[in-house]
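Keep the structure open as you read.

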Amino acid sequence: MTQPKETRDIAAIDLGSNSFHMVVAKVVDQDLQLVSRHKQRVRLASGLDAQQNLDHASMERGLDCLSMFAERLQGFEEDNVRIAATHTLRQANNAHLFLQRAREVLPYPIEIIPGLEEARLIYTGVAHTQPESDSKLVIDIGGGSTEMIIGKGFEASLVNSKRMGCVSYTNRYFANGKLSKKNFAKAKLAAEQKLESIAYKYRKKGWDIAFGSSGTVKAIREVLIGLGYEDGLITSKRLEKLIDKLCEWTNIEDIELTGLAPERKPVFAAGVAILDAIVTDLKIDELHFSEGALREGLLYEMEARFKRSDIRMRTTENMAQKHRVDLDHASKISEQAQKFFHQVHSELGIKKKSPLFDLLKWGALLHEVGLSISLQAFHRHSAYILSHTPMPGFNREQQRVLAMLVRFQRKALKLQEMEDFTLFKKEQVIDLIRILRLSILLHGQRNEEPLPKLTLSINEDEWTLTCEDRDWLEENRLLDADLNMEQDYWKSAGWRLNI
């Protein structure tokens, strides 16, 4: 008798600057089967004002779209849905307000991902949906940013994200709606200036095949097919002819091209100008279209067998090596923190498999990265490095949690400096800080002597550290003094620590 196949439904959502996309798939044993795709033009980027705040109308368009997506996701478990927000929500000062309201409409966490992480995920999406090639270049022009990646297999090796997109360039260079050679030239020159510092690296590295993904490239391909180029390949000469054709109209609203959807029309010219600059500067012979993009990258990484956690582990280890972290010492602290976590996670209301547990492990491994700058205030240096270094596999809020863990690993607890979070509860991040501080403190002597059996317990806001060896602190007077000082730090923060 044949065993029934194990299946589960998963979904990924990409909150882009121009459109929101959702893809739903079914995992059947080892296969990922795409079930449906959903897309809604939201034009989020057009709602950013001069102060970089999203206006009410753009938020409402976004929330309306999410409420539609929520209908399709009824019954989906939280672990089976991943939502990533890109350029516009990275830029918006009031993004937190949108995220709060979005959580009411769509009850799943939304990650705001850094530009380089967006690029890496786009590459993953293309790599999993295209035939294998020795190396590939991937270009993705979004509403607010453009990602360019070269990689081999499923590994991206050269990754960039530039702040140029079809919505932002429309507002800047085609705001009057006029189609002219002058406007195209201005937009292309601006894009070339963005590419100036990186184009040589791409040409030098080279690739076997070039792909373009997402709406801008798809729209250009469909228009070229409508103009008679049946293979749909995008080349420099064809883009020049397309610009000539567009300039036959004086206004964007008047464009009538086979294959150009009405909702794509307002931002089409800017997208063509950006792609023209990229194809010219990178000397791309021909660009193919890929259906796979960011949302497919999110989808493939959700499935455990694609080992997303391995990517973050590799990132953590690479950073530790780069900053010459004492890995033996850091590993001891990580192991101690994990032991304490397992002793108290129930009282803290944090699940064993929570992402916070992983962040605690990685925070312990990276808590001394700031020593590569200076011993003085190294905890602040560590926090700065973890906030501002590209970290493949981590979203923006995960990096902020890591930064907060190492920022408050020692000295006075100035918790008023801590930011609010949207994916995690602030009080739970603070609990991880307490666990990490104790773990670091107990290994502060950096000797080879193993610690006696230690038990951490919690009764409301009172934490107790118990040691089976009653003489241990008498024999370790320096540690005893450090623990007494730590009790004072906790008291100043309104906490209580019993030893």
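Q: What volume does the largest cavity have?
A: This is a predicted model: local features need pLDDT of at least 70, side-chain atom pairs count only at pLDDT 80 or more, and totals for chains, interfaces and linings use all residues. Residues are numbered from 1 along each chain as its sequence is written, and side-chain values use heavy atoms, without hydrogens and water. A cavity is a set of points on a 1 Å grid over the protein atoms alone where a 1.4 Å probe fits but cannot get out; its volume is the space filled by probe spheres set on the points, which are joined across faces, edges and corners. For the largest cavity that volume is about 250 Å³.

Q: How many cavities of 30 Å³ or more are there?
A: Rolling a probe the size of a water molecule over the atoms shows where empty space is left. With a threshold of 30 Å³ or more, the count is 1.

Q: Which residues lie nearest the centre of the largest cavity?
A: Lining residues have an atom within 4 Å of a point. The largest cavity has 24 of them. Nearest its centre lie Gly16, Asp140, Gly142, Gly143 and Ser214.

Q: Which element gives the largest share of the lining of the largest cavity?
A: Helices (H or I, at least four residues) and strands (E, at least two) are DSSP runs, numbered from the N terminus. Elements giving two or more residues to this lining include β2, β6 and α11 (294-302). The largest share is 3 residues, and it comes from α8.

Q: How many residues of that lining are charged?
A: Asp, Glu, Lys and Arg count as charged; Ala, Val, Leu, Ile, Met, Phe, Trp, Tyr, Cys and Pro as nonpolar; the others, Gly among them, as polar. The lining has 4 nonpolar and 14 polar residues, and the charged ones number 6.

Q: Which residue of β2 is the bridge partner of Leu15?
A: Two strands pair if DSSP finds at least two bridges between them. Strand β1 (residues 7-15) runs antiparallel to β2, with 9 bridges. They form a hairpin with 3 residues between them. In β2, the partner of Leu15 is Phe20.

Terms used:
On a 1 Å grid over the protein atoms alone, a cavity is a set of points where a 1.4 Å probe fits but cannot get out, and a pocket is an open set with protein on both sides within 12 Å along at least five of seven lines; lining residues have an atom within 4 Å of a point.
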